Amino acid sequence: MRNLTLTLLIAAAVAVAGPLWAQTSEPQGIEIRNLTSLSFGSFVSPAAGGQVTVGPDGSRMLSGVVPVGSDAFGAASFEVRVRGTGNPNYVITIPTSITLTGPSGSMTIDDVQSLPSGTGKANPPARLDTLTVGGTLNINALQPSGAYSATFPVTVHLVN
Amino acid sequence: MRRAIQFVVTIAMGMMLAPAARGQSGSSFSSEANAAIVAGLSITNTVSLDFGDMFAPPAGGTVVVSAAGALSVTGVTHAGGAVSAASFNVNQTQGQPIFYVEVPASITISSGAGTMVVDTFTTNLANPAACVTTGGPAPGPRGQCPKTPFVLSVGATLHIGANQPVGSYTGTFDVTANLF
């Protein structure tokens, strides 16, 4: 008798769950892919440390550091594609800080910002949006020379 | 009986959570972040080049301050005052690279009432032919030149004209440290 009760309850649960799964047959979905990296540029190792801010709009501000050489910079850019009906917002999740590592040291990126900030919308009919990410690189005093890099995730969620 | 109830409760909760998770569709992608740091050579002026005070010579003359700060005069009577060679700290933020320096061929200093020429810049580098230039390509061989950190001294020769106007004469000159 105890086993029978259990079986019936499981069956009921599956029956209730069925229609909910079926809703996803015409799914709303969201995809993101990376187009360009977040690049701060090349700098002379500062005697007293400094900061480089690359805004999500691609602008750059320098404090206490001198750029040098092939000094390319830019915000990270992503393509966001929304599938399905309606025109939902999506929520953007970015790291609060990123640690770049080099041959013999590390640097921290903080004040990470996205554009759009917080939430975005991929309007029909294209349902494509461009999302960009910038941040502030903190270069330490006498930062060892070398190439520094890291990967960081950007996550988008649809909200209904 | 207690075990069965626990089992049912667990399944029911699982079913409640699953549709909610699927209803909120999400996607994640990573980007690279990058920056490059290059070792830096720096040069900082700590002491000015000072020829001191002198009486205006009727027929002109020269005042030499050596890189060691020694004073010698020709046709001029020196009247005292502070005399010094210029001094610079040459440093590298990383490592100890070999460097050479670039000094001007000549500069003009002025008082408002007149001007004088300063030329023949000298340094405390042991091999000026290899390590000092007034422009153009790097000299060498680099093996004869110093490594950082280094305290660089610079002297020069001041040319005073006949009946040079009285006054306080000043000017600036650039000294550049370069890596080979």
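Which residues is Val68(A) in contact with, leaving aside its neighbours within four places in sequence? In this predicted model, Val68(A) is in contact with Ser42(A), Phe43(A) and Val44(A) of chain A and with Val38(B) of chain B, leaving aside neighbours within four places in sequence. Val68(A) belongs to the loop between strand E4 (60-63) and strand E5 (76-83) of chain A. Its relative accessibility is 28%, so Val68(A) counts as partly exposed. Ser42(A) lies 26 residues from Val68(A) along the chain, yet the C-alpha atoms of the two are separated by 5.5 Å.

## Nonpolar cores

The largest nonpolar core has 34 residues, and those that touch the most other members are Phe40(A), Leu100(A), Leu131(A), Leu137(A) and Phe152(A). Strand E11 (residues 146-159) of chain A gives the most to this core, contributing six residues. Leu100(A) illustrates the surroundings of one such residue. Not counting residues up to four places away in sequence, Leu100(A) touches, among others, Met107(A), Ile109(A), Leu137(A) and Tyr148(A) in chain A, and Ala33(B), Asn34(B) and Ala35(B) in chain B.

Chain B contains two helices and 13 strands. Of its 180 residues, 36% are buried. Among contacts in chain B between residues at least 6 apart in sequence, 75% join residues at least 24 apart.

Three strands of chain B form an open sheet in the order E11-E8-E13, with mixed pairing. E11 and E13 of chain B each have a single partner strand and stand at the edges, so one side of each is left without a neighbour in the sheet. E8(B) and E11(B) run parallel and are joined by two bridges. In one of these strands, E11(B), Thr133(B) is the bridge partner of Glu102(B).

Thr133(B) is placed in strand E11 (residues 132-133) of chain B. Is Thr133(B) buried or exposed? Its relative accessible area is 10%, and because buried means under 20%, Thr133(B) is buried. Not counting residues up to four places away in sequence, Thr133(B) touches Tyr100(B), Val101(B), Glu102(B), Val103(B) and Pro139(B).

## Aromatic pairs

Over all chains, the count of aromatic pairs comes to three.

| Pair | Distance between ring centres | Angle between planes | Arrangement |
|---|---|---|---|
| Tyr100(B) and Phe180(B) | 4.9 Å | 50° | tilted |
| Phe121(B) and Phe173(B) | 4.9 Å | 45° | tilted |

The pair of Tyr100(B) and Phe180(B) links distant parts of the chain, 80 residues apart: Tyr100(B) is in strand E8 (residues 99-102) of chain B, and Phe180(B) is in the segment after strand E13 (176-179) of chain B. Tyr100(B) counts as buried at 8% relative accessibility, whereas Phe180(B), at 31%, counts as partly exposed.

The pair of Phe121(B) and Phe173(B) also links distant parts of the chain, here 52 residues apart. Phe121(B) lies in strand E10 (residues 115-123) of chain B, and Phe173(B) in the loop between strand E12 (150-160) and E13 of chain B. Phe121(B) counts as buried at 11% relative accessibility, and Phe173(B) is buried with a relative accessible area of 19%.

E9(B) and E10(B) form a hairpin with four residues between them. Gly112(B), in the turn, has a positive phi of about 100°. The two strands, E9(B) and E10(B), run antiparallel and are joined by five bridges. Ser110(B) stands opposite Thr115(B) in E10(B).

Strand E9 (residues 106-110) of chain B has two faces: Ile107(B) and Ile109(B) form the covered one, while Ser106(B), Thr108(B) and Ser110(B) form the uncovered one.

How much space lies in the largest pocket? About 670 Å³ of space lies there.

Note on methods: Residues are numbered from 1 along each chain as its sequence is written. Chains are lettered from A and ligands numbered from 1 in the order in which they are written. This is a predicted model: local features need pLDDT of at least 70, side-chain atom pairs count only at pLDDT 80 or more; totals for chains, interfaces and linings use all residues. Side-chain values use heavy atoms; hydrogens and water are left out. Buried means under 20% relative accessible area, exposed over 50%, partly exposed in between (1.4 Å probe, protein chains only). Contact means heavy atoms within 4.5 Å. A nonpolar core is a set of buried Ala, Val, Leu, Ile, Met, Phe, Trp, Tyr and Cys residues joined through side-chain atoms within 4.5 Å. Rings of Phe, Tyr and Trp (its six-membered ring) pair if their centres lie within 6.5 Å; planes under 30 degrees apart count as stacked, over 60 as edge-to-face and the rest as tilted. Two strands pair if DSSP finds at least two bridges between them. On a 1 Å grid over the protein atoms alone, a cavity is a set of points where a 1.4 Å probe fits but cannot get out, and a pocket is an open set with protein on both sides within 12 Å along at least five of seven lines; lining residues have an atom within 4 Å of a point. Grid points are joined across faces, edges and corners, and a volume is the space filled by probe spheres set on the points.
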